[in-house]
Amino acid sequence: MPTAQQQVHIDTLRAFPAELDALLETIPESELDSRITPDEWCTRQIVHHLADAHTRSLLLIKTALFEESPAFIGWKQGEFAETADYKLPVGLSVAIIHSIHERIATLLESLDDDQWQRTGIHPRHGEMTIEALARLYAGHCGIHVAQINKTLGRSS
């Protein structure tokens with residue numbers, strides 16, 4: 001049974017797809033590629049990034065579950081954001097986000113105390129428990145909702 005704080009992370013991750021849906025419903029297609037500055041990501045890139053990052057998070061959690069302190073491989077997020085698939089309709093990545101978040105939440109709910117404390121070595125954050133990964137990716141949701149709102153000139 002997850003602790004109260006672990007359950008907060010699970011609930012945040014499980015609720016995020018609906019939150020993203022509600023936000024995207026307010027954005028006309030013509031604004032999905034708007035940017036504040038040329039070096040900022042547009043909403044379309046952010047949504048595709050979320051699908052990539054959160055798919056990766058499931059793999060990091062599973063790797064930490066079944067390997068002893070594995071080294072997590074880094075990735076070049078900025079370069080990913082410039083690939084052709086980041087120009088596709090956001091609905092493709094939204095579908096991934098819905099599925100991956102349900103998988104992550106279901107997996108996390110099944111973990112025992114020892115499993116929550118299993119670790120892997122993150123290239124930027126160093127040694128991280130599965131609990132820390134859950135916290136990181138739950139926070140990642142809010143960071144990018146705020147980024148989308150900022151890109152559109154809205155407050156969060």
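What follows is a walk through the packing around that part.

Reply: This is a predicted model, in which local features need pLDDT of at least 70 and side-chain atom pairs count only at pLDDT 80 or more, while totals for chains, interfaces and linings use all residues. Residues are numbered from 1 along each chain as its sequence is written, and side-chain values use heavy atoms, with hydrogens and water left out.

The part to follow is α4, residues 90–110 (helices are DSSP runs of H or I with at least four residues, numbered from the N terminus). The axes of α2 and α4 come within 9 Å and cross at roughly 25° (axes are lines fitted to C-alpha atoms over the stretch in contact, and angles run from 0 to 180 degrees between N-to-C directions). The two helices are therefore roughly parallel (under 35 degrees; over 145 is roughly antiparallel). Their crossing is left-handed (the near helix is turned anticlockwise from the far one by less than a right angle). On the α2 side the contact (heavy atoms within 4.5 Å) is made by Arg44, Val47, His48, Leu50, Ala51, His54, Thr55, Ser57, Leu58, Ile61, Lys62 and Leu65, and α4 answers with Val90, Ser93, Val94, Ile96, Ile97, Ile100, His101, Arg103, Ile104, Leu107 and Leu108. By class, this contact has 14 nonpolar, six polar and three charged residues (Ala, Val, Leu, Ile, Met, Phe, Trp, Tyr, Cys and Pro are nonpolar, Asp, Glu, Lys and Arg charged, the others polar).

Another partner of α4 is α1, residues 4–24, and here the axes come within 9 Å and cross at roughly 165°. That makes α1 roughly antiparallel to α4, and this crossing, too, is left-handed. From α1 the contact takes in Gln7, Ile10, Leu13, Arg14, Phe16, Pro17, Ala18, Leu20, Asp21 and Leu24; from α4 it draws on residues including Val90, Val94, Ile97, His98, His101, Glu102 and Ile104. The α1 contact with α4 divides into 13 nonpolar, four polar and four charged residues.

Key:
Parallel < 35°, antiparallel > 145°, perpendicular 65-115°, else oblique.
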